[in-house]
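Hi everyone, thanks for coming. Please have a look at it first.

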Amino acid sequence: MSDGRRIVIVGGGTAGWLTAAYLAKALGQSVRITLLESPEIGIIGVGEGTFPTIRDTLRFLGIDEGSFVRDASATFKQGVRFTDWQPATGDQPHSYFHPFEPPFHAEGTSLVPYWLLQDEEARPPFAEAVTIQNRVAEAKRAPKQPGEGDFAGPLNYAFHFDAVRLASVLAARARELGVEHLSGRLQEVVIGDDGRIARLDTDAGDLTADLFIDCTGFRAELIGRALGSPFHSIKNQLFTDRALTCKLPYDRPDAPIESYTVATAHQAGWIWDIGLPGARGIGCVYASGYVDDERAAEILAEYLGAAAGEVTPRRLSFEAGWRERPWIGNCVAVGLAAGFLEPLESTGVVLIEAAIGMIAELFPHHGPVDLPARRFNALMTARYANIVNFLKLHYCLSRRPEPFWRDNADPASIPESLRELLEQWRFRPPSRFDFLLDVESFAFFNYQYILYGMGFRTDLSAGRADFPDMAEAQRLFARVRSFGERATRDLPSHRSLVEQFAAAPVSR
Ligand code: FAD
């Protein structure tokens with residue numbers, strides 16, 4: 001029997017509301033959940049890209065896809081296209097695609113070794129050879145048909161959305177699920193003699209709880225300021241620490257919408273470009289140790305071209321790292337209060353999903369509420385460290401000449417575990433056995449797309465005899481090509497799918 005536990009969440013951004021809705025759904029009526037937020041402080045309101053895990057989360061919350069697309073101003077995301085992360089070859093800019101769809105695998109044959117064994121000059125780019133998603137996304141097609149059912153389709157996908165509207169969608173669902181909403185500012189965190197949070201003094205009254213969840217964003221009011229959980233900075237591995245963000249309207253109402261994030265590298269970072277229904281969300285991510293704010297503004301302006309005069313960018317600062325102990329006593333932090341790496345590959349929401357999935361499953365309905373803390377802390381910090389490896393992979397393989405890129409390729413800035421993996425991957429491709437699934441957000445094939453997109457060489461030539469089915473592999477490569485062509489003909493345009501979903505009411 002439950003002893004009617006009470007959870008108080010402080011913060012009403014994506015982390016706060018997603019945590020509230022998720023726990024209300026997972027823990028049911030036996031737990032009372034209250035969320036306090038300060039409209040005066042507001043939310044960070046950035047974070048327009050997600051990873052495919054978001055579909056399971058939204059499905060679990062009971063949100064239907066049509067209303068989600070409409071209310072969060074969402075579009076579909078099939079991956080990320082990286083441009084200029086390597087120097088250009090001749091007059092061709094370097095570009096590669098990281099699709100969400102795993103490499104095609106049929107009848108026991110993996111295409112990856114056969115792609116690696118092909119002549120480098122003659123073979124198509126990795127993502128184009130092993131999945132149809134590259135072709136579909138480049139043709140500005142959607143990953144699914146409108147009638148395909150909620151969060152389902154032939155191709156893996158996530159969403160882009162308006163971050164402020166996402167928080168409202170989640171808030172509405174959390175309230176439906178019984179979450180109590182208080183508006184007001186947290187004034188003081190009162191710590192008891194046992195070192196735990198005794199009470200919160202707030203504009204909306206004093207709050208007590210069995211478990212306090214800190215979702216106050218970078219302010220980290222509970223876990224940082226009140227409880228002093230040390231911040232583990234990794235700015236010596238991930239160098240970016242600022243972003244200039246803006247929204248740019250399309251030049252015509254029927255302009256195609258890209259169904260992938262475009263990530264264009266510059267001298268000291270990269271620029272995201274995300275297609276939303278009414279505008280593009282654009283952000284210049286940079287390392288202040290390599291370019292100053294004025295130069296970053298120029299880089300963004302060069303990217304925007306003639307449209308630069310139409311926007312007033314907003315500047316945000318961050319530092320890559322995480323709280324060494326995100327759960328202390330009766331307080332656990334989720335979202336930016338717990339940590340942040342950088343915007344690359346959209347891991348903010350992924351980390352929130354990982355944390356709340358664990359809290360929901362490990363939550364003790366009786367007994368000391370901090371029983372899961374040690375396990376939670378070990379799993380979350382391992383997950384952060386593993387994501388660092390994946391993000392660093394994007395930078396450390398670059399041969400760009402600028403100091404930011406040279407320092408990124410310096411082995412001293414590469415985590416040792418990644419250096420060890422890179423050494424092995426010179427002789428075989430990334431494998432599922434390289435990763436412990438419970439602490440990973442990215443799979444071996446995500447690593448393959450980045451490695452081979454960046455031109456990394458895995459030399460299988462000495463083991464060529466182990467891969468005797470080249471004729472069969474060629475048949476499968478041809479099948480990927482013809483499926484891709486057919487899908488490009490059959491799937492609707494991305495804009496038309498978004499518009500169909502956004503037209504209320506949705507009948508599917
Ligand atoms: P916030 O949105 O800052 O919310 C904090 C809440 O706490 C607010 O409601 C605030 O009012 C409240 N609060 C604070 N102090 C008090 C107080 N004293 N009293 C009461 N309430 C208080 N993530 C992705 O998944 N994809 C991306 O593409 C992505 N891009 C990003 C780009 C940048 C430049 C940055 C900085 C982050 C990005 N992120 C991205 C991360 C993403 O923005 C966050 O993970 C997400 O928005 C969650 O934020 P949050 O809820 O933790 O914090």
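Let me begin with a term we'll need: a crossing of two helices is called left-handed if the near helix is turned anticlockwise from the far one by less than a right angle, and right-handed if it is turned clockwise. Keep in mind, too, that this is a predicted model.

Take helix α11, residues 373-396, and helix α14, residues 444-453. Their axes come within 9 Å and cross at roughly 15°. Angles under 35 degrees count as roughly parallel, and so α11 is roughly parallel to α14. And the handedness? The crossing of α11 and α14 is left-handed. If you want to find the place on your screen, look for Phe390, Leu393 and His394 on the α11 side, which meet Asn446, Tyr447 and Ile450 on the α14 side. Sorted by class, the residues of this contact are four nonpolar, two polar and no charged.

Helix α11 has another partner, α10. Here the two axes come within 11 Å and cross at roughly 160°. How do α10 and α11 run relative to each other, roughly parallel or roughly antiparallel? Angles over 145 degrees count as roughly antiparallel, so α10 and α11 are roughly antiparallel to each other. In this pair the crossing is right-handed. From α10, the residues Ala354, Ala355, Met358 and Leu362 meet Arg375, Phe376, Leu379, Met380 and Arg383 of α11. That contact has seven nonpolar, no polar and two charged residues.

How many residues surround the ligand? There are 38, and the closest are Gly13, Gly47, Gly217, Gly335 and Gly348. At least two residues of this shell come from each of α1 (14-27), β2 (32-37) and α10 (348-362). Which of the elements gives the most to the shell? That is α1, with three residues. In terms of class, the shell has 17 nonpolar, 16 polar and five charged residues.

One last stop. An unreviewed UniProt entry lists Gly12, Gly13, Thr14, Ala15 and Leu336 under "binding site". These residues are spread over 325 residues of sequence, and yet they cluster in space, with a largest C-alpha distance of 12.0 Å. To find Gly12, go to the loop between β1 (6-10) and α1.

Terms used:
Residues numbered from 1 in each chain as written. Predicted model: local features only at pLDDT ≥ 70, side-chain atom pairs only at ≥ 80, totals over all residues. Near = placed C-beta within 6 Å. Helix = DSSP H or I, 4+ residues; strand = E, 2+ residues; numbered from the N terminus. Nonpolar A, V, L, I, M, F, W, Y, C, P; charged D, E, K, R; others polar. Axes fitted to C-alpha atoms, helices over the stretch in contact; angles between N-to-C directions. Parallel < 35°, antiparallel > 145°, perpendicular 65-115°, else oblique. Contact = placed C-beta atoms within 7 Å. UniProt positions renumbered as here; feature names shortened; annotations may be inferred.
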